Amino acid sequence: MSPLISDKINYQFLLLTHMVCADGQIHSEEASSLQKLAKNAKMGSRTIEEMEKILSQDEKLISIESVASQILPGEQSEALRQILSIAYIDGYFSPLEREMVNEVARVWNWSDTEIERLYDDAKNFGAIKQKGNNQDKSELSVGARLLKGADSILSRALVDNFVKAAPEHLGRKVEQLRREILLAGPEYDDAVQRCNVIAKEDYKYAETSLHSAYHALNDLVNNIETAESALQSKTNDRGKAKTAKEVAKQLKSTRNALSTETLKELEAVRESLQAKQRALNHFSIAFMGKTKAGKSTLHAIITGDGWDAIGVGKQRTTRFNRVYEWKNIRIIDTPGIGAPGGKSDEEIAESVIEESDVICYVVTNDSIQETEFKFLQLLKAKAKPLIILLNIKNNLRDTRRLEHFLKDPDKLFVVDGNNSLKGHIERIHRYAKQHYANDYFDIIPVMLLAAQMSREAEHQQNKQKLFNASHIQDFLNSIRVSLVEYGMIRRSQTLLGSTVSAIDKPDKWITEQVQIYQKLTDTLKTSRETVAKDIRKAVKDNRDGLRQRIEAVFQDTFNSIPDFAEEHWEDSEMGLKQGWERKLKDIRFEERLKNTFEEYGKQFNQDVQEILEEVGNELQLVAKLNTGSFKFSQQDSMNLRDMFRIGGNFLALAGAITILFAPPVGIVLSIVGTAISLITNFFKSKDQKRREAVQKISSSLSSQLQEHKYQTLEKAEKEFSDYCNKVAINIHDYFDELIRGLELISEQLATAKNKLDSSANYINRAYAKRLIDWCFDKYEPLADESIVKIISKVKREFGKSIKIYTKSELKLKKSQEQLKKIVQEDVYIISMEVPK
């Protein structure tokens, strides 16, 4: 990579910078290579400026696509080899790094064959990874060598008895020397090797379970779509087309919501698997804590490297996690919780917890607030072991305070008395127990400033005093002892125990959805019968009301006949006909009949609407009562209240239309002849003629009106009943289709749950076998046959407790209390052997 003048941008270098950040972590060796390249190639100021933007994920950074498009065809092959080499330099080529390489290749229109050839070549990069500063070249002290000889000549038990009888300070010294032997001798190398073997075996089980969970969730999405398609196909049935179409529309929104949430869970499972891959080769510890708690100082003390070159000396310009390998331990330093412009607490935790064997949470004695311990809930959710590092803050930059401190450095570490750490430690235990569910963790007090000052030139005369006074060596030794004594079980916790969290969350979510949909289905079945009963009552009430109103209209018409007869007894045939038509119009006979029918049709619609809305309200309440704390809620999938509101398409669905009622006609046709025959009788007096004519007209009209009333009522009841029955049938069909649709979704959810339960059980049984083996101080290859032989069943309340039922009584070398302390979870080992 040739040097460029300062006003030009070296895009090949920026492509490398993107690769360093591709997996969301900056490994020390990647960073070192980037620094050396920037220095040797004499990168210009604009290139360095753009590099900083990429490292800090500035909004104005040059994107990968833009950077790649600026690299000329003749330089592309070498550029891709360079980014592959820096990707492999930390010994692990992550899926995210592979995605970036594929993205660059797409920009350059490279073929799959060309890419795969480069991948094959790049594998050699990982094989020649340099250990560099991570080699442990420490030698045993004289005291440690003497103790090692005493243990071998006199036997360890004899030395232990001597220590018990010796003064307390001598006992502590012997323990410290033994730790030194442990960390420098072959035991440490053997422990590292055993951890690697365990990790590879456990990863196979984790991979199998996560793949199974992934397919279960993916199948859920596909099967719900299939169920929806099956329902959609019914829209071709002319008899039920509208019903099926409306239900399919409602269930589509449900499927979309379920699919969206399921895809989120799929992505979480995929990320979990990637984290397990990254954690495979190293015992990892993550430093976490609020801003300015001392994490960066701790990192610098351990690694001796503050990465000042990245960000041109600015502290924490990068928003990525920093990774360093120290004495075969992988250390992950995260951005401070609550750092301005940083990621949220959950995002920080999710990015490192999965791949960490132990979480070191850094707090300070000058600010122990309950709020900072709420973050531990996320750690417990992943079932991660915890160490709390209590950083004692004291202004040793003041000369007088420094002198006073060096005279009696242990004074600040006293845990009893008025001015001791007792109150701080008690508060830590109290707050952590509230949010971490237990207090099975160690609290290690240190003074990071003293350790930092021991490395500064102006304090070289007190270098060893400051370092010893900081107690940081206790913490460093505890980490390495953790690997030797607990490394194998920690590896199993990471690759087996905590892996269940990636399955447990979608499993709980699906379990909740199964309960919701089953409850909704049961409620719908009950509501269907209730609705049918209420609709029958609404039909009867409105039909009776309609009949009464029609009879009232006819009664008013009957009452008008005498006056009409008196007024028109002398009229001609045409006069009687026209007069009666005017009379019916004046009393709004036909209009009132039509209005009455429409009014009761609308009233019936309103009654049905209220009945169905009541069902919708009940279902909405059921959904809310059954929805837990997960992001997805039933309200997101379908508005159950609106589903049963009559309006829009649903009126057409139910068969509700504006009914145009046309009452029978022809009431006056036979009256005329009767009236004329009366009028032509000249032998009677006028008054007699009038009385007889009025009587005949009234009788004839009443008779015909009575027949008309009968015909009208018969027609009205038939048309109204037909309409109501059509509404009832369509509503019943709607319920049936909706219930079937929900049952199909419930069936698919239940199937997915069974698969997830099986995946979780598979990995929990493997984890249980590892716990049993650890309690026996033994190792045997993890295999299905050995698991079945020992483990009967496992019940686990993730993050809180695990109950292991064994097929026979086991005489363990470690107590269950020891096991709880180490795995930081309540563990119960129960024999299911039947007494003889």
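How many aromatic pairs does the count come to? In this predicted model, local features require pLDDT of at least 70, side-chain atom pairs count only at pLDDT 80 or more, and totals for chains, interfaces and linings use all residues. Residues are numbered from 1 along each chain as its sequence is written, and side-chain values use heavy atoms, with hydrogens and water left out.

The count comes to 9 aromatic pairs, where rings of Phe, Tyr and Trp (its six-membered ring) pair if their centres lie within 6.5 Å, and planes under 30 degrees apart count as stacked, over 60 as edge-to-face and the rest as tilted. One of the pairs, Y205 with Y762, is stacked, at 5.1 Å centre to centre and 20 degrees between the planes. Because Y205 belongs to helix α11 (residues 186-232) and Y762 to helix α29, this pair ties together parts that are 557 residues apart in sequence. Helices (H or I, at least four residues) and strands (E, at least two) are DSSP runs, numbered from the N terminus. Y205 counts as buried at 6% relative accessibility, whereas Y762, at 27%, counts as partly exposed; buried means under 20% relative accessible area, exposed over 50% and partly exposed in between (1.4 Å probe, protein chains only).

The pair of F604 and Y723 is edge-to-face, with 5.8 Å centre to centre and 75 degrees between the planes. Distant parts of the chain are linked here too, F604 lying in helix α24 (residues 589-626) and Y723 in helix α29, 119 residues apart. F604 is buried, with a relative accessible area of 0%, and Y723 is buried at 6%. Ring pairs join F604 and Y723 with F597 and F720 into a cluster.

Leaving aside neighbours within four places in sequence, I510 is in contact (heavy atoms within 4.5 Å) with L217, L220, L749, A752, K753 and L756.

Not counting residues up to four places away in sequence, T17 touches L34, M51, I54 and L55. L34 is one of the buried residues of α2, together with S28, E29, E30, A31 and A38. The cover over these buried residues includes α1 (11-21), β1 (25-27), α3 (45-55), α5 (73-88), α6 (95-107) and β3 (321-326). The 13 residues of α2 (residues 28-40) should span 18 Å at 1.5 Å a residue, and the end C-alpha atoms are 18 Å apart, which agrees; the expected span is 1.5 Å times one less than the number of residues. K42, which follows α2, has a positive phi near 50 degrees.

An open sheet of mixed pairing is formed by 7 strands in the order β1-β3-β4-β2-β5-β6-β7, two strands being paired if DSSP finds at least two bridges between them. β1 and β7 (442-446) stand at the edges with a single partner strand each, so one side of each is left without a neighbour in the sheet. The twist averages 25 degrees from one strand to the next. β3 pairs with β4 (residues 329-333) in the antiparallel sense over 5 bridges, and R330 in β4 is the bridge partner of E325.

Conventions: Axes are lines fitted to C-alpha atoms, for helices over the stretch in contact, and angles run from 0 to 180 degrees between N-to-C directions.
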